[in-house]
Amino acid sequence: MTEKVDILICGSGSAGICAATWLARCGVRCKIIESRPGPLNIGQADGVQCRTVEVFDSFGIAEELLRESYHVKEMTFWSADDDKGIARTGRTADTPAGLSTQPHVILNQARINGFLLDAMKKFNNQEVSYGYNVKHVEVDSTAAKDPESYPVTVVAEKTMGNEGEEVVFKAKYALGCDGAHSTVRRSLGYKMIGDSSDSVWGVMDIYPRTSFPDIRKKVALQSKHGSLLIIPREGGSLCRFYIELPAGTKAKDVKLEDLHEAARKIFQPYDMEFSDTFWWSAYAVGQRLADFYSKDNRVFLTGDACHTHSPKAGQGMNVSLQDGYNMGWKLAEVLQGRASPDLLKTYNLEREKVAADLIDFDRAYSKLFSSKSARNSGNTNTSNTNTSISKPKETFREMHIKAGRYTAGLTATYDDSPITSARTSTPSLATGLKVGMRFPTTRVVRFCDAAELQLVKTLPSNGRWRIVVFAGAIRNPHTFSRLAALAAYLDSPQGPVRTHTPAEDDIDSFIEPIVVLSGERQLVEQEHIPDFFWPVTGKWRMRDLHKIVVDDASYNSGHGKAYEFYGVDPNVGAVVVVRPDQYVSLVTGVEDFEGVGRFFGGWALPRGEGRSRI
């Protein structure tokens, strides 16, 4: 059998199904093949960082995630103590205040994947094809130069139904989302570069019976018997333990009883018994990166297929999922004829750097968390100040607190490219924003119905680019004339909106304007705002009134600080171009028509030029 598909996703892990969710949201079909007989039942990952919750919220699927998960509020630190065995040495808020409107939560990966699978089905009736084992992948490099070709060949074997039958897929693009032992990566001849330490860790999900007082908090515990990390799980009873095992241990030789005994020793003098063990495993800590992430701009590696590391910092599933989040909308742009395939090159530019930063962080994090680091920290008994062992320059606690923004997933910064233009930006116009980083959010009031909302709610993940206009006080004649001139340019045949949006599509379907006004909302009428910013759209051809918000301080609502939050002078204003994945592409002046047009002209195809690719 031979099947021709535009996009083939090999593997239904976090990266693969997040990319597929994006594609489904944009109305683009793909084929997802998975070797398992059905959806994941028990996932190894569990930490859901703030940025990942933001991603789920952008798809409109965060509510159930937040309801089911354990919300991490506080982390405590315990160390060896001569008198007590172990003693609490500090505590901190798990996520520093103000980083995100979304929390850090814990939920089994199987449920996380389930939310994405449900969203795929809802958006575009997209499903996974189970029981396909990928055997080989190759790319015809000559054919790959033709954007309309299907140069990727994937040979898979059925493991269900007609078991053993080979199926050949011919694809325009393929994603290798098939894990650390990726067949896609091996078929391309790529290798994982890095090292594996002699440190072996066990992990188990257990129902503990214990006198330890912080069992329902996130805990880093460093004792003379080893180090242990506690992650409380959803449901109120289940906990996950990451346990450092003695030097010389081999992961393949570890038994469940070894993990139980190691935990009992680390918790001394507190009681620790186990009512049940839901799941367990053992692994050697290693940090590795693939030497290449793509082949001929047609096959791309994601997630564990191109980066592996220890799970203790709770980054693996999140970074993998965000690999798919980065790639999904870009594939949709190309397949819908809005951008050339060169857009996909930015995946490598952006995500290789994120993975390299993750490996560096994981090495430092794992090293400081080890029992060797704990021993070098000196005697923590506060009643004994006579110690001959000096503290290291940085303790695990200090590093964890300092790394709060990183572990929340909010530090990824994408370098300059055709879709990220710090070089041509004017950062002084919006000092609270940074080109290449995700667009932060603050409260505003929607003009049409006085609803209070986070500004990011106007930027859902639906494939649209946004031009966010900080216009200032529209009752000021200069502000009004400046906004009217911008509207006239954007709505003109020469402007980027009409240049790149097909005539048969809604005018805001590709590039959507969002206006942020300042001043007293009650003194402004809808007709004072240029028509372009509340266009006629949709099935019913009605005016869309939801694109205008106000930095409003009325009704003692506590608003009125959006301009301050973003570092924008209301008298000067700013234009911010935001990518479909909520990252900032450009910051420029309200009157810089040429700069806005040049940005979109640098990568987006003129309307009609690429429509045959749909």
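**View 1. The buried area between domain 1 and domain 2.** In this predicted model, about 1,300 Å² is buried between domain 1 and domain 2. Carbon and sulfur atoms give 42% of that area. On the domain 1 side, Arg51, Trp329 and Arg338 lose the most area to domain 2. Together these three residues make up 39% of what that side buries.

View 2. The domain assignment builds domain 1 from residues 2–62, 107–193 and 288–358. Domain 2 covers residues 427–602. Taken over C-alpha atoms, the centres of the two domains are 33 Å apart. Domain 1 brings 15 residues to the contact, and domain 2 brings 14.

**View 3. Salt bridges and polar contacts across the interface.** Three salt bridges are counted between domain 1 and domain 2. Look also for polar contacts across this interface: ten residue pairs make them, with both residues at pLDDT 80 or more. Now find arginine 438 and glutamate 54. These two residues form a salt bridge. Their closest N and O atoms are 2.8 Å apart.

**View 4. The helices of domain 1 that touch domain 2.** Three helices to find here are H1 (14–25), H2 and H7 (316–335). Each supplies at least two residues of the side of domain 1 that touches domain 2. H7 gives the most to that side, with five residues.

**View 5. Valine 55 in helix H2.** Helix H2 spans residues 50–58, and valine 55 lies in it. Valine 55 has 0% relative accessibility, so this residue counts as buried. The cut-off for buried is under 20%. Set aside the neighbours within four places in sequence, and valine 55 is in contact with Leu321 and Tyr325. Now compare valine 55 with arginine 541. In sequence, they are 486 residues apart. In space, their C-alpha atoms are 30 Å apart.

**View 6. A sheet of three strands.** This open sheet has the strand order S3-S7-S4. Its pairing is antiparallel. Strand S3 (47–48) and strand S4 (70–71) are the edge strands, and each pairs on one side only. S3 pairs with strand S7 (residues 105–106) over two bridges, in the antiparallel sense.

Methods:
Residues are numbered from 1 along each chain as its sequence is written. This is a predicted model: local features need pLDDT of at least 70, side-chain atom pairs count only at pLDDT 80 or more; totals for chains, interfaces and linings use all residues. Side-chain values use heavy atoms; hydrogens and water are left out. Helices (H or I, at least four residues) and strands (E, at least two) are DSSP runs, numbered from the N terminus. Buried means under 20% relative accessible area, exposed over 50%, partly exposed in between (1.4 Å probe, protein chains only). Contact means heavy atoms within 4.5 Å. Two strands pair if DSSP finds at least two bridges between them. Domain bounds come from an automatic or database domain assignment. Buried area is the accessible area (1.4 Å probe) that two parts lose on being put together, summed over both. A salt bridge is a side-chain nitrogen of Lys or Arg within 4 Å of a carboxyl oxygen of Asp or Glu. A polar contact is a pair of N or O atoms within 3.5 Å; within protein, one must be able to donate a hydrogen and the other to accept it, and residues adjacent in sequence count only if both atoms are side-chain atoms.
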